[in-house]
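Subject: Structure handover and notes

Hello,

Here is the structure you are taking over. My notes follow below it.

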Amino acid sequence: LIEAGAGDGTLLRAMVPELAHLPMRVAAVERSPGARRALEAIDGLTVLGTMPAPGDPAVIVANELLDNLPFRRVRATDDGVREVHVGIEGDRFVEVLSPVGDLEAPADDGEWVVPTGAAAFVTEVLAGPGPRALLAIDYGSDHGAGGPAHGYAAHRVVEDLLAAPGTTDITAGVDFGFLAQAASADGLQAFPTVSQHDALAALGLEDWLHTQLERQQDELNTGRGAGAVRAHRAGGRRI
């Protein structure tokens, strides 16, 4: 099992103990030296700076990674479909609309985010001897990114991506339909996507929530207010 873009190991800290009884190795891939130091504190985990060469059968997990990979922007204009490039005007960056080139035109008006970096990642990590599988968890839809490219700074949404270079975390939802087409074109099998709601329900979240609500009510009925608050907070963190 390989988590790509593992960060400081928040997900793996929960997963590794649950996998300890299985005959498998667990690895984390992370470019950040600081994050790798945090990952090295997790027992039973191999920490890598780059993806290992394809070899043994593997499952790759990409949790909120694909939306951080490079993408291209295509926009419908009065003069036809154009790709949004970046140019310089004086001392600031500006948008430059250029011929669309090799990209497919958007299916409707507005702007289309094309996840070329995510598509390259999918085909690269699944290349080589199999069996190999990728579980990708991210924001997006089967028909486009689900919204325009945007940024975050100080926990606020930034619409102008070029206004303050280096201070904004730029992202876009993932077009899983585009990724499925790219995978199929490379001879891979793309499974249908599953919504967050359905995935959590299948993992038993609804049963867990009912248990927490029953516990909260029991704490209230017996006059243990502090326990009821803890039960409420435990449920709220996961909703």
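With which residue does E111 form a salt bridge, and how far apart are the closest N and O atoms? The partner is R73, and the closest N and O atoms are 2.9 Å apart. A salt bridge here is a side-chain nitrogen of Lys or Arg within 4 Å of a carboxyl oxygen of Asp or Glu.

First, the ground rules. This is a predicted model, with residues numbered from 1 along each chain as its sequence is written. Local features need pLDDT of at least 70, side-chain atom pairs count only at pLDDT 80 or more, totals for chains, interfaces and linings use all residues, and side-chain values use heavy atoms, with hydrogens and water left out.

**Overview**

The protein has seven helices and 14 strands. Helices (H or I, at least four residues) and strands (E, at least two) are DSSP runs, numbered from the N terminus. The C-alpha trace spans about 70 × 45 × 35 Å along its principal axes. Of the 239 residues, 32% are buried. Buried means under 20% relative accessible area, exposed means over 50%, and partly exposed lies in between (1.4 Å probe, protein chains only). Take contacts between residues at least 6 apart in sequence: 59% of them join residues at least 24 apart. Contact means heavy atoms within 4.5 Å. The protein exposes about 15,200 Å², and carbon and sulfur atoms supply 54% of that. Accessible areas come from the Shrake-Rupley method with a 1.4 Å probe; for residues, only the protein chains shown count as cover.

**The charged network**

Back to E111. The E111–R73 pair links distant parts of the chain: E111 sits in strand β8 (residues 111–114) and R73 in strand β5, 38 residues apart. R73 counts as buried because its relative accessible area is 15%. E111 is partly exposed, at 24%. E111 also meets R75 in a salt bridge (2.8 Å, N to O). R75 lies in β5 and E111 in β8, so this pair ties together parts that are 36 residues apart in sequence.

The structure holds seven salt bridges. Another one joins E89 and R92 (3.1 Å, N to O). Both residues are partly exposed: E89 at 48%, R92 at 47%. Salt bridges that share partners connect R73, R75, E95 and E111 into one network.

R72 is also in strand β5. At 25% relative accessibility, R72 is partly exposed. Its side chain makes a polar contact of 2.8 Å with the side chain of E83. A polar contact is a pair of N or O atoms within 3.5 Å; within protein, one must be able to donate a hydrogen and the other to accept it, and residues adjacent in sequence count only if both atoms are side-chain atoms. R72 and L103 are 31 residues apart along the chain, with their C-alpha atoms separated by 8.9 Å.

**The cores**

The largest nonpolar core has 19 residues. Such a core is a set of buried Ala, Val, Leu, Ile, Met, Phe, Trp, Tyr and Cys residues joined through side-chain atoms within 4.5 Å. I2, I60, L66, F121 and L179 have the most contacts inside this core. At least two core residues come from each of β1 (2–4), β2 (27–29), β4 (58–63), α3 (116–125) and α4 (176–185). Helix α3 gives the most, with five residues. A second, separate core has 12 residues, including V16, L39, L45 and V47.

Helix α3 is largely enclosed by the rest of the structure, because seven of its 10 residues are buried. Among them are F121 and V122. The buried residues of α3 pack against β1, β4, β9 (132–137) and α4. L179 touches P115, A118, A119 and V122, among others.

**Two loop residues**

Most residues other than glycine have a negative phi. E64 has a positive phi of about 55° and is not a glycine. E64 lies in the loop between β4 and β5, and is partly exposed at 41%. A154 also has a positive phi of about 55°. A154 is in the loop between β11 (150–153) and β12 (156–158), and is exposed at 71%.

Best wishes

Terms used
Lists of a residue's contacts leave out its neighbours within four places in sequence.
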